[in-house]
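Thanks for coming. I have one model to go through today, and I will keep to what can be computed from its atoms.

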Amino acid sequence: MTEAFRSTRVFTPEGLAPATLVVENGRIAGVRSWSDPPSAATLRDFGEAVLLPGLVDPHVHINAPGRTEWEGFSTATMAAASGGVTTLVDMPLNCVPETTNVDGLKAKRDEAKGKSWVDWAAWGGVVRGNADALLPLADAGVSGFKCFMIHSGIDGFAWVVEDELRKALALLRGTGLPLLAHAELSGPVDAATKSLIAAGADWRKYSTYLASRPDAAEIEAIALLIRLAEEFETPIHIVHLASAEALPMLAEARSRGVPITVETCTHYLWFAGEEIPDGATEFKCSPPIRGAANREALWIGLEAGVIDMVITDHSPCPATMKRRDEGRFDLAWGGVSSLGLALPVLWTSMKRRGIDIGRLGAWLAAAPAQLAGLAGKKGVLTAGADADIVVFDPDAVWTVTPEHLHFRHKLSPYLGVELQGQVLETWLRGKQVFGVDGFVGSPSGIELVRQ
Ligand SMILES: [Zn+2]
C-alpha cells in the first residue's frame, strides 16, 4: 500500500517547505512536490501542521529489567511516543543486571519484548574490570558504550579512571563505536563537598548543591577526554554538558579535528539555578543546572554548533527517593524526569530567542541518530529512511500537568510550566502510535541492533 503524507511545512534536509512524503512498507519511498502525490496513494493531508522526522533521544534511563518500580519499557516508551520521540537509546546502568556484558544485554532484550511503543537501542557499559566484555557487546549490537568518571549513583556500575579509559579506547579503536562519558571528576566535587560540610552548609538550599559540583569537575574531565580522543583517534561523546566554561576548549579541539561530540539537556537550556526553590529536589541532577549566565552561554554554544544535540537524560525514580519532604539535595536521588517534553521545551525557548524552527531537526533528530549509528535510517525525512513522522502544531500553547506525563512517576520540574508547540500525532515506520486522543494500536517498537 502506498500512502502520501503532505503538508505545507515538511522538514526535509532541504529545509521547511511544502512537500509530499511517499510512504511504502514503513519507509519513505520518495519526497515529491506538494501538488504531486502519487495518484494511487492514500492521501493524508496535514494542512499547515509541521511534519518533522521522528525524534531520536540517545540518553534515556529506562531502568529495566530490575528497577521497573522506577520506570519501565512500557511507560518510558509511551512517554517518548507522546512527545514525538520514535527512537531512544537506553543507558546501561540503572537496570539489574547492568548492561556491562552480553548476558545483561540479553536480559534487557527479554524485558523489552512486546512492551516498546517506539524503536530502541542499547548502550553498553564500560566499568572497572569489564574490558573483556566490550568487543562481545559490540558484536551483539550495542550502539556504543557509556562510562562514568565519578560515582554513578549505582554501586554495580563502577566508575573508571584514565588507565581503564585507555584500555577501553584501545579496544574500541577502529570499531566506529563511540565512548560516551559522564564528564565530571571526583576530585573537585569531593573537595567542594568537604568544605561545605565543614562550614555547616544547609543542604536544603539549591545553592549548596550547586557549589558542591563546581565547573572545574567538568572542565578537568573534558580536558582529559579531549586528550584521549585525539590520541586514540576514537570518537568520544560528552553526555549532558552543563558547564559552558568547557565550550572554548571543545570548540578548539573540534576545529583541530578531534573526534569529540557534545550533547546538552533540555533542563540546562530551560532552567536557571537562581530560580530553583530550596528543597525542590525534582531539579537535582548531575552535573547540576547552573546559573542563568551559563544557560545563555550554552545557547550560544548550541547555535554555534559546538554542542551537537539536545537530549532529555530522562532519569526517573520513585517519588520517595526524591525525599521531597526533607528537601535535602545531598540525600535525594539525582535525575530529572522529562521524557516527552523536549520538543515543546526546546521550541518555546527557540521562539523566544528568534531561532529558526529548521534547527529543531538537527538538534533533536539527525545529530543524535548519527551518534547512535542510525544516520539515514532515523531522524531524517528522506528517501530510504524509516517513515517516522511527527505532526507538530508550533503555535498551540498549553501548561504541563500530570495528565500530559506518560512516564511512571509524575514528578517533574516542568509541572506547571507553560509551553508552546504540541505533538498532534506520532507515526512509527508508517503506523500511527500516538494522537491527540491518546495511544493508537499496541506496542510495535523494535530493537535497532547496530551492524
Ligand atoms: Zn543520564
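I will take the metal site, then the strands and helices, then one tryptophan, and end with salt bridges.

Some conventions before that. This is a predicted model, in which local features need pLDDT of at least 70 and side-chain atom pairs count only at pLDDT 80 or more, while totals for chains, interfaces and linings use all residues. Residues are numbered from 1 along each chain as its sequence is written, and side-chain values use heavy atoms, with hydrogens and water left out.

Start with the zinc ion. Its protein donors are His59 through NE2, His61 through NE2 and Asp313 through OD, at 2.1 to 2.2 Å from the ion. A donor here is an N, O or S atom within 2.8 Å of the metal (3.2 Å for Na, K and Ca); water is not among the atoms, so sites may look incomplete. Along the sequence, the spacing of the donor residues reads H-x1-H-x251-D. Both His59 and His61 are buried, where buried means under 20% relative accessible area, exposed means over 50%, and partly exposed is in between, using a 1.4 Å probe and protein chains only.

Next, the strands. Helices (H or I, at least four residues) and strands (E, at least two) are DSSP runs, numbered from the N terminus. Strand S6 covers residues 55-60, and four bridges join it to S7 in a parallel arrangement. For two strands to count as paired, DSSP has to find at least two bridges between them. Within that pairing, Val60 is opposite Asp90 of S7.

The chain passes from S7 through H2 to S8 in a right-handed β-α-β crossover. S6, helix H1 (residues 73-82) and S7 likewise form a right-handed β-α-β unit. Right-handed means that, with the strands pointing away from the viewer, the path from the first strand over the helix to the second runs clockwise.

H1 itself is mostly covered, with seven of its 10 residues buried. Those are Phe73, Ala76, Thr77, Ala79, Ala80, Ala81 and Ser82. They pack against S7, H2, S8, strand S16 (418-428), strand S17 (431-435) and S18, with contact meaning heavy atoms within 4.5 Å. Just after H1, Gly84 has a positive phi of about 85°.

Now helix H3, residues 131-140. Its buried residues are Ala133, Leu134, Leu137, Ala138 and Ala140. They span an arc of only 155° around the axis, which puts them on the same side of H3; the arc is taken from the directions from the helix axis to the C-beta atoms. On the face turned away from that buried side are the exposed residues Asp132 and Asp139. The buried residues pack against helix H2 (102-112), strand S9 (124-125), strand S10 (145-148) and helix H4 (162-172).

Trp363 is in helix H12, residues 360-371. Its relative accessibility is 3%, so Trp363 counts as buried. Beyond its neighbours within four places in sequence, Trp363 has contacts that include Trp299, Leu302, Met309, Leu346 and Pro368.

Last, salt bridges: a side-chain nitrogen of Lys or Arg within 4 Å of a carboxyl oxygen of Asp or Glu. The structure holds 28 of them. One is between Arg109 and Glu447, at 2.7 Å from N to O. Arg109 lies in helix H2 and Glu447 in the segment after strand S18 (438-439), so the pair ties together parts 338 residues apart in sequence. Arg109 counts as partly exposed, at 22% relative accessibility.

Another joins Arg166 and Glu162, whose closest N and O atoms are 3.1 Å apart. These two are four residues apart in helix H4, which means a separation of about one helical turn.

Is the Asp386 to Lys378 pair buried or exposed? Asp386 is buried at 4% relative accessibility, and Lys378 is buried at 1%. Their closest N and O atoms are 2.9 Å apart. Salt bridges with shared partners connect Arg27, Asp119, Lys377, Lys378, Asp386, Asp388 and Arg429 into one network.
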